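Here is a short report on one protein model. Look over the sequence and the fold before reading on.

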Amino acid sequence: MKRNGPGLASWLKAHPGWHVVAESAHRRAAWAAAWKIRHGERRGFEDGLWDAQAQNRDGRWVVIARRASKRRSIPGEGMDPLF
C-alpha cells in the first residue's frame, strides 16, 4: 500500500517511532524532502509536529520521519503582511 501526503501523516501518527517514508536518488533530494516535512511544506505535515532526517543506508539515501514530541516553530507563521 502506497502512503503519501495526508495518508502518510495519519499512518505515522498511528505508528510511533522512526520510519522510512521515502527513498531518494541522491543526498540533495533526500535532504530537501526531509526539510519539507520538518517545515510543514509537505501535504499532511502542516501542523509542525514532525521530525525528519536524510540518511545514507548502504549507498541509498532515505528519508526517515516521526511524530515530534512538541510543535516546531515554522518560519513565517503568524506574520502580518508588510503592506
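Is F45 buried or exposed? F45 is buried, at 0% relative accessibility. Buried here means under 20% relative accessible area, exposed means over 50%, and partly exposed is in between (1.4 Å probe, protein chains only).

## Basis of the model

This is a predicted model, in which local features need pLDDT of at least 70 and side-chain atom pairs count only at pLDDT 80 or more, while totals for chains, interfaces and linings use all residues. Residues are numbered from 1 along each chain as its sequence is written, and side-chain values use heavy atoms, with hydrogens and water left out.

## Overall layout

The protein has 2 helices and 3 strands. From the N terminus, the order is α-β-α-β-β. Helices (H or I, at least four residues) and strands (E, at least two) are DSSP runs, numbered from the N terminus.

Of the 83 residues, 30% count as buried. Contact means heavy atoms within 4.5 Å. Among contacts between residues at least 6 apart in sequence, 54% join residues at least 24 apart.

## The nonpolar core

In soluble globular proteins, nonpolar side chains tend to be buried together. A nonpolar core is a set of buried Ala, Val, Leu, Ile, Met, Phe, Trp, Tyr and Cys residues joined through side-chain atoms within 4.5 Å. The largest one here has 13 residues. L12, V21, I37, F45, W50 and V63 touch the most other members. Helix α1 (6-14), α2, β2 and β3 each supply at least two residues of this core.

The model holds 1 aromatic pair. F45 and W50 form this pair, with 4.9 Å centre to centre and 75° between the planes, which is edge-to-face. Rings of Phe, Tyr and Trp (its six-membered ring) pair if their centres lie within 6.5 Å; planes under 30 degrees apart count as stacked, over 60 as edge-to-face and the rest as tilted. W50 is buried, with a relative accessible area of 0%. F45 also has 0% relative accessibility.

## Helix α2

Helix α2 has 12 residues. From its first C-alpha to its last it reaches 16 Å, close to the 16 Å expected at 1.5 Å a residue. The expected span is 1.5 Å times one less than the number of residues.

Which residues of α2 are buried? They are A30, A34, I37 and R38. Seen down the axis of α2, these buried residues fall within an arc of 95°, so they line one face of the helix. The arc is that of the directions from the helix axis to the C-beta atoms. An α-helix has 3.6 residues a turn, so residues three or four places apart point the same way. The buried residues of α2 pack against β1, β2 and β3. Just after α2, G40 takes a positive phi of about 75°.

W31 also lies in α2. W31 is partly exposed, at 42% relative accessibility. Leaving aside neighbours within four places in sequence, W31 is in contact with R38 and A54. The C-alpha atoms of W31 and V63 are separated by 7.7 Å, although the two residues are 32 apart along the chain.

## Salt bridges

Side chains of opposite charge can pair when their charged atoms come close. A salt bridge is a side-chain nitrogen of Lys or Arg within 4 Å of a carboxyl oxygen of Asp or Glu. The count is 3 salt bridges. One joins R60 and E23, with the closest N and O atoms 3.6 Å apart. R60 lies in strand β3 (residues 60-67) and E23 in strand β1 (residues 19-24), so the pair ties together parts that are 37 residues apart in sequence. R60 is partly exposed, at 41%. E23 is exposed, at 52%.

D47 forms a salt bridge with R67, with the closest N and O atoms 3.3 Å apart. D47 is in the loop between α2 (27-38) and β2 (50-57), R67 is in strand β3, and the two are 20 residues apart. Both are partly exposed: D47 at 26% relative accessibility, R67 at 31%. R66 forms a salt bridge with D51, with the closest N and O atoms 3.2 Å apart. This pair links strand β3, which holds R66, to strand β2, which holds D51, across 15 residues. R66 is partly exposed, at 32%, whereas D51 is buried, at 14%.
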